[in-house]
Amino acid sequence: MIKNAIILFFILLSISSSFAQKSQKPNIILIYTDQHRYDALGAFGNKSIRTPTLDQLAASGVYFPQAFVTSPVCTPSRWSLHSGMFTTSHQTYSNHHTGVQPPTNLPLELKNAGYANALIGKNHSFLGEREFMLMRDVPIKDGKRMATEAAPWSVENDPMHQLTNYTLDFITDQTKLEQPFFIWLSYLYPHTPYEVPEPYFSRYKDTKLPPVHLEKEGLTAANKPFRQVFHQENNDRLLPFNENQVDAMRKTYYSMVTLVDDEVKRIVDFLQAHNLTSNTIIIFTSDHGDYQGDHGMYTKSPALYDCLVRVPLIFSWPGTIAANVRSNQLISQVDIMPTLLAFAGLPVPKQVQGIDLSTYLRKGTTQKLIRQEVYAEYGISGEPFDRARLEKVFPDYKEKPLTFAAGIPWEANPVSLAGRFRMIRTHDWKYIHNPGEKDELYNLKKDPYELKNLAGLREYARIQHRLKSKLTTWKNGLPAAERDQENLVDEFIQDFAMKRRKSD
Ligand SMILES: [Ca+2]
């Protein structure tokens with residue numbers, strides 16, 4: 001009898017403490033944009049763009065202007081954020097090559113710990129009903145890739161506005177319950193189609209934008225890898241590059257960012273009005289950047305320039321995370337999963353290759369560099385192309401540009417994607433190892449827009465060697481690195497050729 005009473009006492013104790021733990025866990029809102037480059041943000045120092053809410057969010061917490069994704073396209077990057085692993089290890093090399101399902105991921109860990117999870121917006125990862133109790137997709141509108149006029153719908157009917165509505169409804173429902181919530185609010189903007197309603201469309205009509213950064217003599221003269229030379233030519237055949245078009249595209253892109261900024265304001269205001277600010281972590285980031293005309297190219301792929309792999313990153317949790325910190329630390333998005341799990345009081349799973357930043361974020365200061373360097377990767381394993389191989393495999397490439405859909409520059413063609421390439425970036429230097437192709441080396445202090453490739457020049461041999469050896473050591477230490485020996489290129493060429501014939 002006494003024994004039973006003691007057991008009952010411990011059962012009751014454990015139930016009450018698990019409730020107490022649950023209610024102490026912070027809510028988490030991961031606000032995500034698609035294709036949002038690091039400098040399209042007022043807080044970065046861009047005086048042309050208007051992002052007052054995001055600037056305020058940055059001031060309310062820790063803002064990292066030097067944050068990097070693991071891959072310059074959607075799926076590999078998103079999967080790295082949620083799994084805490086680099087591309088080599090999760091093996092999702094491109095948007096067209098799906099890898100392995102690691103044992104766990106950020107939303108699943110949170111759900112198992114009692115969180116109510118919602119994915120509101122674009123997925124493009126492997127997450128699904130296992131992870132989320134609510135999934136609301138982006139309401140589809142027929143978009144024009146480069147709209148020359150305002151979108152024919154009101155702000156209230158804009159898909160991003162509707163995603164915010166779904167989010168506010170979900171938070172309202174959750175506040176009636178004991179559970180903490182995790183929301184992945186995944187806006188589609190400023191991704192293509194570049195199209196936005198008024199009053200946003202006209203917002204930048206008379207604004208002078210910062211300059212586009214171009215290799216004046218062309219990519220070949222600048223010693224850039226063939227995959228980039230080809231990609232630019234291929235882009236040009238599909239959508240000829242011209243200054244007026246680029247200016248109009250950039251203004252629409254800025255407008256799309258400003259629209260998202262106003263949507264984030266609705267979230268922040270709602271949390272304040274409902275007294276949820278001190279118990280809710282907001283993270284703002286994106287899955288990769290956008291050329292926006294830099295290097296004479298559109299959208300993304302097949303390179304690892306800062307405009308593609310560097311994104312905004314803000315952590316805000318007033319009262320717990322330090323405020324008003326603009327941190328010059330190099331951060332990788334694989335660091336987000338362990339950091340959020342630590343804030344939720346949860347252990348970090350073994351698969352995670354990132355660093356828990358929670359102690360640093362609480363203090364906002366540290367004597368040392370958290371990371372000496374960051375890494376990114378792209379491409380599928382196999383032989384890269386040169387001009388001779390291109391002419392042999394796709395003899396009609398001039399008359400019939402490589403794309404899945406008519407008239408659209410597309411990141412995933414076999415020539416741009418063939419061969420794995422990897423980046424190591426410190427504060428001052430970037431080196432990209434491109435096996436079977438030209439490497440790249442940039443002096444970021446002197447050449448922040450990466451226009452002059454110094455790889456192979458004798459005066460930089462020592463720094464190139466040092467970075468290459470660090471990059472090789474890092475790569476060889478990653479689980480599944482041996483799969484670089486596979487040839488995925490030939491199969492992709494066949495698959496691509498078949499889809500291309502079908503689209504004719
Ligand atoms: Ca994307």
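In the predicted model, four strands form an open sheet in the order β12-β13-β14-β15, with antiparallel pairing; strands are DSSP runs of E of at least two residues, and helices are runs of H or I of at least four, both numbered from the N terminus. Two strands count as paired if DSSP finds at least two bridges between them. The edge strands, each pairing on one side only, are β12 (374-378) and β15 (440-443). Residues are numbered from 1 along each chain as its sequence is written. Because the model is predicted, local features need pLDDT of at least 70 and side-chain atom pairs count only at pLDDT 80 or more, while totals for chains, interfaces and linings use all residues.

Strands β13 (residues 421-425) and β14 (residues 429-433) pair in the antiparallel sense over four bridges. Arginine 422 stands opposite histidine 433 in β14.

The largest nonpolar core has 107 residues. Such a core is a set of buried Ala, Val, Leu, Ile, Met, Phe, Trp, Tyr and Cys residues joined through C-beta atoms within 7 Å; buried denotes 20 or more other C-beta atoms within 10 Å of a residue's own, exposed 12 or fewer, and partly exposed in between, with C-beta atoms placed from the backbone. Helix α8 (residues 243-273) gives the largest share of this core, twelve residues. The core lies between domain 1 (25-369) and domain 2 (377-503), because both give residues to it; the domain bounds come from an automatic or database domain assignment.

Among the residues with the most contacts inside this core is Leu304. Not counting residues up to four places away in sequence, leucine 304 touches Pro72, Val309, Ala376, Tyr378, Met423 and Ile432, contact meaning C-beta atoms, placed from the backbone, within 7 Å.

Conventions: Contact = placed C-beta atoms within 7 Å.
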